[in-house]
Amino acid sequence: MSAKIRPDYVEIYHGLAPLLVAEKDVEAYRQLCTEMIARFGQTTNASTADVVAKDCLILPSSGVDLDSVAALAETAVTRGKGETPYTFYVCAKALADYRQGKFQQAVARTLEILKDPFPYTQAEGSAVLAMAQFRMGHSEEARAALARSEKVVQETLPAPGSRDLGFDWKDWIIAHALLDEARSLIEGPSSTNLDWRARSHE
């Protein structure tokens with residue numbers, strides 16, 4: 001695994017985690033998350049904490065202690081206030097809340113996220129909101145949030161198979177993964193769109 005070339009450089013891990021999700025290599029993804037928590041779990045740097053938390057939350061289970069991941073997300077939002085990517089930090093924290101079953105907190109944080117018009121936080125935040133609302137029994141609100149996430153992904157993000165997914169390619173994968181998860185939860189497993197996985201490397 002190439003992360004061993006520069007084991008203290010978090011961006012290498014941050015590049016690998018979404019790729020493993022896109023490749024559906026869950027075993028390697030879980031192993032990578034374990035390594036990330038072991039190496040960076042005590043960081044006090046907001047950006048590093050956000051990256052590690054987000055990567056360990058892409059799938060419903062990363063095989064690591066969820067409280068440790070949530071603590072990293074908390075570090076990001078408490079230490080990263082005022083930083084340019086702060087909305088992304090809040091997005092990771094909202095996802096951590098959702099994974100912990102704190103659905104009301106997740107909803108509150110996603111509503112804060114959606115004030116930012118940036119497409120990737122809109123897509124990810126709406127997907128998390130949809131899942132949290134659905135878990136709370138708010139089916140109509142959940143479907144509205146799901147539709148919002150789908151609209152952002154379809155209309156503002158690069159299409160699957162694009163030659164250049166841009167600087168935000170990692171969040172492109174994360175947005176699609178969360179949207180698939182939300183679709184599967186709300187509409188059933190047959191509703192997921194696997195086309196983006198097959199074409200993400202074209």
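**Entry 1: the cysteine pair**

I began with Cys56 and found that its sulfur lies 3.7 Å from the closest cysteine sulfur, in Cys33, which is too far for a bond. I note here that I am working from a predicted model, and that the distances and volumes in these entries are computed values. Because a disulfide is a pair of cysteine sulfur atoms within 2.5 Å, I could not count Cys33 and Cys56 as bonded at 3.7 Å.

I searched the whole structure for cavities of 30 Å³ or more, and the search gave one. For the largest cavity I wrote down about 40 Å³ of space. Which residues line the largest cavity? I listed Lys54, Cys91, Ala92, Leu95, Glu124, Val128, Ile174 and Leu178. By class, I recorded six nonpolar and two charged residues in this lining, and no polar ones.

I also traced the lining of the largest cavity back to the helices, and found that helix 5 (86–99), helix 7 (119–135) and helix 9 (169–187) each supply at least two of its residues. Helix 5 accounts for the largest share, with three residues.

**Entry 2: the open space**

I turned to the largest pocket, for which I noted a volume of about 330 Å³. Its lining has 14 residues, and those closest to its centre are His14, Asp50, Val51, Phe167 and Asp171. Sorted by class, the lining of the largest pocket has six nonpolar, two polar and six charged residues.

Which helix gives the most to the lining of the largest pocket? I found that helix 3 does, with four residues. The helices that each supply at least two residues to this lining are helix 1 (10–22), helix 3 (46–55), helix 5 and helix 9. Looking back at the previous entry, I see that helix 5 and helix 9 were also listed there, each with at least two residues in the lining of the largest cavity.

Technical notes: Residues are numbered from 1 along each chain as its sequence is written. This is a predicted model: local features need pLDDT of at least 70, side-chain atom pairs count only at pLDDT 80 or more; totals for chains, interfaces and linings use all residues. Side-chain values use heavy atoms; hydrogens and water are left out. On a 1 Å grid over the protein atoms alone, a cavity is a set of points where a 1.4 Å probe fits but cannot get out, and a pocket is an open set with protein on both sides within 12 Å along at least five of seven lines; lining residues have an atom within 4 Å of a point. Grid points are joined across faces, edges and corners, and a volume is the space filled by probe spheres set on the points. Ala, Val, Leu, Ile, Met, Phe, Trp, Tyr, Cys and Pro count as nonpolar, Asp, Glu, Lys and Arg as charged, and the others, Gly among them, as polar.
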